[in-house]
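Q: I'm new to this one. Can you walk me through it?

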Amino acid sequence: MQGGQAVVEGPVRLASVLSPSKPNFLPSLTKIVGTLGENSRPVEVIQACLEAGMSVARFDFSWLDDNYHQETLENLRIAVKNVKRLCAVLLDTMGPALQVCNKTGKKIELKAGSHVTITPNIDREPSAEVLPVNYNGLAKAVQKGATIFVGQYLFTGIEATSVWLEVLETRGPDIICLVKNSAILAGFLFTMHVSQVHIELPTLTDIDKQAISTWGSRNKVEFISLSYTRHAEDVRELRSFVKAHNLPETQILAKVETVEGLRHFDDILQEADGIILSRGNLGIDFPPEKVFLFQKYAMHKCNMVGKPAIITRVVDSMTANLRPTRAEATDVANAVLDGADGILLGPETLRGLYPVEAIRIVGRICAEAESVYNQSLHFKRITKYVGEPVSDAESVASSAVLAATEVKAAMIVVFTSSGRAARLIAKYRPSVPVFAITIPRLKTNSLRWTFTGSLQAKQLLGVRGVYPILASPNVATSGGSSEESGLKIALNHGKSVGLLKPNDQVVVFQKIGDSSVFKIVVLEY
């Protein structure tokens with residue numbers, strides 16, 4: 001199977017294992033997406049998350065309203081100004097999620113061996129005897145022996161806070177279940193998942209449309225994550241919807257979390273701008289021993305076409321603990337070696353007690369894995385996959401990465417307005433940072449003149465190894481000196497973070513004028 005080999009550069013030496021980790025001048029090449037909420041929405045916490053390495057902030061619209069999320073976003077904007085770092089915004093849709101709403105917030109204690117009834121009558125109060133769900137077709141979809149999972153922490157598998165149920169029988173619209181493990185459900189909202197059952201609800205729900213057309217459009221979000229993506233048509237429908245609501249350039253990340261989505265993965269990848277592998281849900285819908293195989297397959301496919309792949313559910317234990325388990329730390333590293341562009345932290349930062357520490361330690365693990373990543377093997381795989389003929393842009397991009405390797409460059413600088421050039425370079429997985437100088441472009445419509453560039457720069461925060469720097473609009477209007485000014489910005493930034501030292505080599509990738517021709521320049525700092 002492609003992507004199944006461990007991409008580690010040579011045998012790992014004991015000395016490198018025992019030596020201290022190298023200091024990180026920048027956040028890890030692998031990007032970290034943090035979910036903002038209960039324990040991570042104060043300004044000072046968000047600032048610490050940004051400084052720890054968070055580059056994309058996720059807003060989960062499966063719970064609470066847009067007023068709550070707007071307050072959190074305003075806090076993010078203040079934090080971004082305070083620490084002077086870019087941060088992209090990801091709107092995560094609810095999709096056809098099954099939920100149990102516990103309006104009173106009372107704890108529900110379920111005992112192994114007892115029976116509980118799942119009912120579509122949402123007027124019933126949740127208890128140890130009955131769990132009302134927001135879907136009236138579930139009894140028709142399930143069969144005797146089916147597995148149903150309920151939990152607050154979205155499938156962490158922590159048995160004290162989540163419960164496994166086995167379907168015994170159906171009685172009209174109700175489902176009688178056997179409780180398989182003792183658990184205490186605490187909180188106001190629990191998510192329910194039924195293994196390999198098709199839910200007759202639209203992927204893009206009315207609730208999602210409302211959130212996108214109001215909150216998303218008003219805030220010009222950089223990314224939308226389409227939860228429970230099952231078919232390529234789901235992505236096309238969302239693409240059409242966002243264009244109709246003033247978000248024509250917002251990127252769509254398809255969230256694959258069911259066997260149905262897995263079956264249509266190749267078609268979904270072709271339509272989406274990137275993929276989020278929701279491994280928690282996949283671990284319920286799919287045999288656990290098969291999840292790693294799909295991860296490797298999906299990572300390989302995404303890497304070959306140069307589209308971001310983001311992995312979820314990595315350090316679940318850090319919702320309540322200061323350190324991850326050994327298995328979780330290894331899992332993060334293996335995700336990096338498999339080719340992940342990013343790691344998405346959900347409950348770890350949303351409700352977790354240590355959101356900043358979770359981001360920091362995941363970043364350190366990623367950086368350590370990146371130091372042994374076999375870039376030359378990946379480069380060969382990509383060039384073989386691309387084949388002949390290649391476009392001029394892709395040819396020069398791959399040559400820029402090759403040049404950086406040969407001269408042992410400290411960094412690559414690329415000039416871009418759309419972000420495409422930076423993505424082409426990132427596709428070949430250079431082992432050094434790519435500084436993407438995003439040049440604003442003057443855009444006009446019948447009403448006003450505006451500069452583009454901010455959205456394009458922030459979208460690069462989801463691409464492995466790329467560090468966007470948004471140039472001033474003055475650079476865009478300064479004629480022939482724009483690239484010289486942009487290069488100075490990149491070099492100064494490299495120096496300021498300790499990445500660039502005297503006599504270091506820098507590879508510059510740039511377009512020649514307004515033509516479609518690119519060139520590579522190797523400079524000595």
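**Salt bridges and a helix**

A: Start with Lys 111: at 48% relative accessibility, Lys 111 counts as partly exposed. Keep in mind that this is a predicted model.

Q: Which residue does the side chain of Lys 111 meet in a salt bridge?
A: Glu 109, at 3.0 Å from N to O. Glu 109 is partly exposed too, at 43%.

Q: How many salt bridges does a search of the whole structure find?
A: The search finds 19. Among them, Lys 255 pairs with Asp 92, with the closest N and O atoms 2.9 Å apart.

Q: Where in the chain do Lys 255 and Asp 92 sit?
A: In distant parts. Lys 255 is in strand β14 (residues 251-256), Asp 92 in strand β3 (residues 88-92), and 163 residues separate the two.

Q: Is Lys 255 buried or exposed?
A: Buried, at 9% relative accessibility. Asp 92 is buried as well, at 0%.

Q: Which residues are linked with Asp 92 and Lys 255 in a network of salt bridges?
A: Arg 58 and Asp 60.

Q: New topic. How many residues does helix α11 have?
A: It has 13, residues 326-338. From first C-alpha to last, α11 reaches 18 Å, close to the 18 Å expected.

Q: Which residues of α11 are buried?
A: Glu 328, Val 332, Ala 333, Ala 335, Val 336, Leu 337 and Asp 338.

Q: And what covers the buried residues of α11?
A: The cover includes α10 (288-305), β16 (309-312), β17 (342-345) and α13 (355-370).

Q: What follows α11?
A: Gly 339, with a positive phi near 115°.

Methods
Residues are numbered from 1 along each chain as its sequence is written. This is a predicted model: local features need pLDDT of at least 70, side-chain atom pairs count only at pLDDT 80 or more; totals for chains, interfaces and linings use all residues. Side-chain values use heavy atoms; hydrogens and water are left out. Helices (H or I, at least four residues) and strands (E, at least two) are DSSP runs, numbered from the N terminus. The expected span of a helix is 1.5 Å times one less than its number of residues. Buried means under 20% relative accessible area, exposed over 50%, partly exposed in between (1.4 Å probe, protein chains only). Contact means heavy atoms within 4.5 Å. A salt bridge is a side-chain nitrogen of Lys or Arg within 4 Å of a carboxyl oxygen of Asp or Glu.
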